[in-house]
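Please open the structure in your viewer and keep the sequence panel beside it.

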Amino acid sequence: MSATIKLTSSDGQEFAVEKKVADRSVLLKNMLEDVGDADTPIPLPNVTAKILKKVIEYCTHHKDDPIVVAENDAFDAARKRSDDIDEWDATYIKVDNEELFEIILAANYLDIKPLLDLGCKTVANMIKGKTAEQIREMFNIENDFTPEEEEQIRRENEWAADA
C-alpha cells in the first residue's frame, strides 16, 4: 500500500489519493517533495470537487504510465497528432463542453501534460473541418466583427483557406 495524501477542492471537499496517483501532477509532486509527508490536506483553489474527481479518475487509470519528460518536445510528432487517442481516454473525455474546458484548465493548473494534451486534442478534433460560424455556434462565441471587418480578414488570410 503506497502512501496516501489528501487534496481539498475549491468547494471544500476532501479526497484521499495514493501518492503515486498524485505524482502524475508535476505541481503536486513538487509540493510533496518540498513539504515532505505532511498530513495536512493540499488545497487546490482552482479545481472544483466535480473536476478533481475526474482528474483523479484519469490519474488513477494512468498511474503506471511512464512520466512524460518535458524536454524540448515542441516538435514531438506524437504530441501534435490528434487522431491517436486510446479507447479509455476517448470514453473518459466524452463530457459536455463546459466540463471539458474545466478539465483542460485543471490539467494546466496541476501540470498534468498528458491530460492537457488529451483535452486539447479533443477540442482540435471538435473544430477540425468546421467553419468559423460552426465553431462560434459550438462554443457559444459571439461574432463581434462587422461584415466589413470580416471581409478584410478573409482577404488578408486567403492563403489559409487554401490549406
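The stops below go from the whole chain to the sheet, then to a pair of helices and a few loop residues.

**Before you start.** This is a predicted model, in which local features need pLDDT of at least 70 and side-chain atom pairs count only at pLDDT 80 or more, while totals for chains, interfaces and linings use all residues. Residues are numbered from 1 along each chain as its sequence is written, and side-chain values use heavy atoms, with hydrogens and water left out.

**The whole protein.** Show the cartoon and you will find 10 helices and 3 strands, where helices (H or I, at least four residues) and strands (E, at least two) are DSSP runs numbered from the N terminus. Along the sequence they follow the pattern β-β-α-α-β-α-α-α-α-α-α-α-α. Of the 163 residues, 31% are buried; here buried means under 20% relative accessible area, exposed means over 50%, and partly exposed lies in between, with a 1.4 Å probe and protein chains only.

**The sheet.** Now select the three strands, which form an open, mixed sheet in the order S2-S1-S3. Strand S2 (14-18) and strand S3 (42-43) stand at the edges with a single partner strand each, so one side of each has no neighbour in the sheet. Strands of a sheet pair through backbone hydrogen bonds, either parallel or antiparallel, and two strands are taken as paired if DSSP finds at least two bridges between them. S1 and S2 pair in the antiparallel sense over 5 bridges, and Thr4 has Glu18 as its bridge partner in S2. Strand S1 (residues 4-8) and S3 run parallel and are joined by 2 bridges, with Ile42 in S3 as the bridge partner of Leu7.

**Pro45.** Move on to the loop between S3 and H3, where Pro45 is placed. Leaving aside residues up to four places away in sequence, Pro45 touches Ser10 and Tyr109, a contact being heavy atoms within 4.5 Å. Pro45 counts as exposed, because its relative accessibility is 55%.

**Two helices.** Select helix H6 (residues 97-110) together with helix H7 (residues 113-127), which pack at an angle of about 145° with their axes 8 Å apart. Residues of H6 including Leu100, Phe101 and Ile104 take part in the contact, as do residues of H7 including Leu116, Gly119 and Val123.

Most residues other than glycine have a negative phi. What is the phi of Asp111? The value is near 60°, which is positive; Asp111 is found in the loop between H6 and H7 and counts as partly exposed at 34% relative accessibility. Finish at Asn140, in the loop between helix H8 (132-138) and helix H9 (147-156), which has a positive phi of about 55° although it is not a glycine. Asn140 is exposed, with a relative accessible area of 73%.

Note on methods:
Axes fitted to C-alpha atoms, helices over the stretch in contact; angles between N-to-C directions.
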